[in-house]
Amino acid sequence: MLFIQFLTIAIWIIPILFFASIYMKMDKKDRGKFRTELKRPSVYLGMGIPVIGTLILFTGIFSATKWLQHIGVIMLLGS
């Protein structure tokens, strides 16, 4: 059970740390462009929903929760 909890936390923390490290390596000009891009709704619809859907799907698979798996698949197919 502890291993499943570790996997669930890891699949949410690893992408956050990955994107935070990329953001910290950017210079100030690129950070400004990045923040401007995040204010557009198309970014969330284009990349946000598939990424969150994938994370929810894998969380459901690791925790063996069918309804969570279904939500993740619906988000992936809907995007």
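Is Ser42 buried, partly exposed or exposed? With a relative accessible area of 43%, Ser42 is partly exposed, where buried means under 20% relative accessible area, exposed means over 50%, and partly exposed lies in between (1.4 Å probe, protein chains only).

## Basis of the report

This is a predicted model, in which local features need pLDDT of at least 70 and side-chain atom pairs count only at pLDDT 80 or more, while totals for chains, interfaces and linings use all residues. Residues are numbered from 1 along each chain as its sequence is written, and side-chain values use heavy atoms, with hydrogens and water left out.

## Overall architecture

The protein chain contains 4 helices and 0 strands; helices (H or I, at least four residues) and strands (E, at least two) are DSSP runs, numbered from the N terminus. In sequence order the pattern is α-α-α-α. The radius of gyration of the protein chain is 15 Å, well over the 12 Å that the globule rule gives for 79 residues, so the chain is more spread out than a compact globule. This radius is taken over C-alpha atoms, and the globule rule is 2.2 Å times the number of residues to the power 0.38. The C-alpha trace spans about 45 × 30 × 10 Å along its principal axes.

Of the 79 residues, 18% count as buried. The accessible surface of the protein chain is about 6200 Å², and 77% of this surface belongs to carbon and sulfur atoms. Accessible areas come from the Shrake-Rupley method with a 1.4 Å probe; for residues, only the protein chains shown count as cover.

Ser42 belongs to helix α3, which covers residues 41-63. Between Ser42 and Phe3, 39 residues apart in sequence, the C-alpha to C-alpha distance is 36 Å.

Ile52 also lies in helix α3 and is partly exposed, at 34% relative accessible area. Its C-alpha atom is separated by 9.4 Å from that of Trp12, 40 residues apart along the chain. With neighbours within four places in sequence left aside, Ile52 is in contact (heavy atoms within 4.5 Å) with Trp12 and Met75. Across the protein chain, among contacts between residues at least 6 apart in sequence, 43% join residues at least 24 apart.

## Aromatic rings and charges

The whole structure has 3 aromatic pairs. Rings of Phe, Tyr and Trp (its six-membered ring) pair if their centres lie within 6.5 Å; planes under 30 degrees apart count as stacked, over 60 as edge-to-face and the rest as tilted. One of these pairs joins Phe18 and Phe19: the ring centres are 5.5 Å apart and the planes stand at 70 degrees, so the pair is edge-to-face. Phe18 is partly exposed at 49% relative accessibility, whereas Phe19 is exposed at 54%.

The charged end of Arg31 sits over the ring of Tyr23, 5.1 Å from the ring centre; this requires NZ of Lys or CZ of Arg within 6 Å of the ring centre and within 35 degrees of the ring normal. The structure also holds 1 salt bridge, defined as a side-chain nitrogen of Lys or Arg within 4 Å of a carboxyl oxygen of Asp or Glu. The salt bridge links Arg40 and Glu37 at 3.2 Å, N to O. Arg40 is partly exposed at 43% relative accessibility, and Glu37 is partly exposed at 37%.

## A loop residue with positive phi

Most residues other than glycine have a negative phi. Ala64, although not a glycine, has a positive phi of about 55 degrees. Ala64 is located in the loop between α3 and α4 (66-78), and is exposed, with a relative accessible area of 62%.
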